[in-house]
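Please read it alongside the sequence and the structure shown here.

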Amino acid sequence: MLALLLLERGRHVSVGRLIDAIYEEDPPATARDQVQICASRVRRLVAPDRRIVLSHNRAQGYVLNLPDEMVDAGRFARLLGSARQARDSGDRDAALDEYRRALSLWRGPAAEDIKSATVQSLAQTLTERRLAAIEERVRLELESGLHQEVVEELIGFTGEYPLREEAKALLMLALYRSGRPAEALAAYRDTRRLMVDELGVEPGDRLRRLHQSILAREPGLDLPAPTQARGSRPVPSSTAVARILPADIGDFTGRTEQVADIRTWLRPTEHQAVPVVVVSGRSGVGKTTLAVHAAHQLAREYLGGQLFADFHAGSSQRIGAMEVLGRFLRVLGLSGTAIPDSLDERAELFRSLVAGKRVLVLLDDVAGEGQVTPLLPGSSDCAVIVTSRRRLTGLAGALQVDLGVLPPESSKELITRIVGARRAAESDGTPVEALAALCDHLPLAIRVAGARLVAHPHWEVSRMVAKISDASRRLDELHHSDLGIRASLSLSYESVGEDARRLFRRLAILGPHPFSAWVCGALLDVPVMEATDILDELVEARLVEALGSPGQSEDCQYRCHDLVRLYAREHLAAQEPLTARRESLRRVLGCLLYLTEEARQREFGADGLIGCRVQPSYRLAEEEARQLVSDPVAWFGGHRPLLVSGIHQAAEAGLNDLCWGLAVTGAMFFEENVLLDIWDETHEVALAAALRSADPRGQGAVLYSLSTLALTNQSFDQAEEFLVSSRGCFTAAGDVLGVALAERGLGFLDRMRGRFDDAAVRFDRALEVFRSAGVTVAASYTLHNLAQLRMERGELTEAEALLYEALQLAREGGGRRVEAQVLHRLGHLLLDADQLAAAERTFGEALGIVAGTEDRIGQAYALQGIGMARLRQHRVDPAGAALRRSLQLAQEVGEQGVEALALSGLAELALLHGCISEAVRLLGESLELVRERAVPEQIQRGLRWLAQELRIPESVTGAELLAEARSQAADSAPPFRAEPGLGRPVGPTV
């Protein structure tokens, strides 16, 4: 533990990582306690020296803080940095002294006796730095003419590390300069043979070129002459060390993971090419702040210099690689005619000057890869950080850091650090949370708001919240001095083409909800493929964010952040006429209605829905539409916010037909997902729209849908009022199909109230209309209700024929939901006919249809049927599991009908266990739920069974029976005592 904390000194080490280091793959149950004990022992061990502090932080981990000079690895890093600085400044002797002092600290392998993979991984990093330092020192010694002195050391070094090509190259050069070219060539042959045999690869370019040079005895292998040969062209050189990073941010907050990723990626290691990090993100998200902060954290690793350039992409001050290279060459000590005139020559000279030095280059706000490529050093000793609004994926091998807005906690922390803890604590910090949310958790917006608060110390945070709560003024208020959201966003807006700007403006029409590419096609009145290309331009410019998993293409969704949307709304109001806005909205909502109808038909079949009959002014190709709604439930889940918002927007814009059409078309999805409040709210808006347009057909359709909602809520009187009014509206509109739907609904109410003859007449009338119109799913549902009537009259043969016909029609019309309902009813018929195994299979088919949906009501009914089939087969435990799950689902969605049936089934289960009091309680709850309608046969059966068990006359029913049963259970000895659960049987069973 001490070794790991020392190797990670000053950095947080989580408890989980400590457990991994100590126990690896087999930690004991007490691992966390053991880590705490270890921590206490370490704390006692270091307590005498007050310079050492072991702290336990909020993130459930430990940090060991102590001066670097107290750790030999820290002293090594300091001396190595001094050596490299002296080397880069041209002081070879001083550099050699520092290298030798640094390497003399090593007394053997790092952490040699600690058998922990985690510790050894960190120790290996130290070892790698030691080997690199040896090679750097030897390289300087060769430049100083000490080739004979280093040969013996290099032979031992390469024997221990035979695959280090840099060391082999130094050995070959030292042997050659010592007059031993044959041995130099033999060293190459041995190395090549080893690499080919063990790794299957040839040596690298440098080693092969050195081999060829030795074979040719090229003069360049010898030590350079002390003076420049006459007539040769001088190469500019520089010993200047440039450190031109902007100042770090004093209140830098969050981004811990991103900073760690950058530091890890750019930490000095054996990179094959110059390591590059690209930090990308939308305007104001803090790309520059993060990059500068990370660069300062890395500065000690790059003592050869730190260079910085701001390209001002998208602004009038933007610069190019040519100008940046000129600046870099000047700060590196060149001037005048020493700086070439062409881009290529400047890039070559820049690479030459930084070669072999540890230089960090930060290129801020670049527009594209073309600006970066000429500024990449040629040496992997250097490193580059790039920031851009766009993802620069053309930079091969770069680490891509995609920056988003701050997490809420980091947003609050940033505000607190800017305005002070006292002001931030106002009203328990609630205004700080509100301010962070209104700033969209965007660092630039938070800094602007914080700067305004600092400039007005008499303001409370809540005052700033009030000022930016007005969306129409928010961008005006988020401006201070030279900081402003509007100016930041304008750079991105101006960087895209006119079509993209038009789409960006019109996206403000939609509101704050996610949207799909087809929406963009409707907004622009262009094909979806063309709209997608335009949308991608906005995504690349970070004005729009793509949601979902990387690589997702099926109906990918997008969104605009709030502040971006407000900026788009300003341009919409200024540049788009009202008529163009209204037509764009009509196209979007018309296409939304078309897709909702397609999704509804795919999910529920041709169920006789009273459609809007509005021809959308923008329509997708049939194949496109089919692909979009191939999974109707998922499609509705992704588009529900847009659908609900669209209903309200249609009402506000006076698009009344679209308003009620969207509401009625989406109603069955609201029902399936038990979104009863949304169903009620949208239909209130839709009914008002239909009334405004004096559209009797629209009024009838909304009232009919509201009747279904009332039935779902068990409000039978209200449902009847809606159905009677709906039938009147349809009659006035001459809509025969609508009248039939209303009649069918009234027939359902008659059946629920026990008026079976009236119900049969209504169902027959509706069925005739549906059959003549070819509306198979509506006809199937009606036959299903007629079959229920037959079953309640005991006419099982006739009911069975009706159900099989209903099942066939449901499958022909693609009505999966109705099919599940018919199967459920058929299961009960088989149950009554004592065909128990067939009944369970049929209920299982019904459950299979609804199990993959959000239709918890359908699942509850199917599980109730399965439970009863198992119960009749005396499979007690599986029956109880199904019935309890059915009851749970019914209570979750408030479906009292199936809740009553599940309670009745559990009562029968209690009777099987001899739990009379439990059965009485469950039957009482069941009867209470059905008090407004006819008592179902299943509940009556449970009551009869209870009467038989207690020897109560059959003439005593309902509440009287339950009262007598409670009395007997209270006065009797077992088996009539109340039991706490439905466990093992206690007493006689029926």
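This is a predicted model: local features need pLDDT of at least 70, side-chain atom pairs count only at pLDDT 80 or more; totals for chains, interfaces and linings use all residues.

1. Residues are numbered from 1 along each chain as its sequence is written, and side-chain values use heavy atoms, with hydrogens and water left out.

2. Glu166 and Arg206 form a salt bridge through their side chains, at 2.2 Å from N to O. The pair links distant parts of the chain, 40 residues apart, with Glu166 in helix α8 (residues 165–177) and Arg206 in helix α10. Helices are DSSP runs (H or I, at least four residues), numbered from the N terminus. Arg206 is partly exposed at 43% relative accessible area; buried means under 20%, exposed over 50%, and partly exposed in between (1.4 Å probe, protein chains only).

3. A salt bridge also joins Asp499 to Arg502, whose closest N and O atoms are 2.9 Å apart. Both residues lie in helix α23 (residues 498–507), three residues apart, about one turn of the helix. Asp499 is partly exposed at 40% relative accessible area, and Arg502 is partly exposed at 26%.

4. Asp750 and Arg762 form a salt bridge with their closest N and O atoms 2.8 Å apart. Asp750 belongs to helix α34 (residues 736–752) and Arg762 to helix α35 (residues 756–773), so the pair ties together parts that are twelve residues apart in sequence. Both Asp750 and Arg762 are buried. Salt bridges with shared partners connect Arg727, Glu743, Asp750, Arg755, Arg762 and Arg765 in one network.

5. Helix α42 (residues 896–912) has 17 residues and should span 24 Å at 1.5 Å a residue, which agrees with the 24 Å between its end C-alpha atoms. The expected span is 1.5 Å times one less than the number of residues. In α42, 16 of the 17 residues are buried. Just after α42, Gly914 adopts a positive phi of about 75 degrees.

6. Asp26 is located in the loop between α2 (15–23) and α3 (31–46). Asp26 counts as exposed because its relative accessibility is 63%.

Note on methods
Helices (H or I, at least four residues) and strands (E, at least two) are DSSP runs, numbered from the N terminus. A salt bridge is a side-chain nitrogen of Lys or Arg within 4 Å of a carboxyl oxygen of Asp or Glu.
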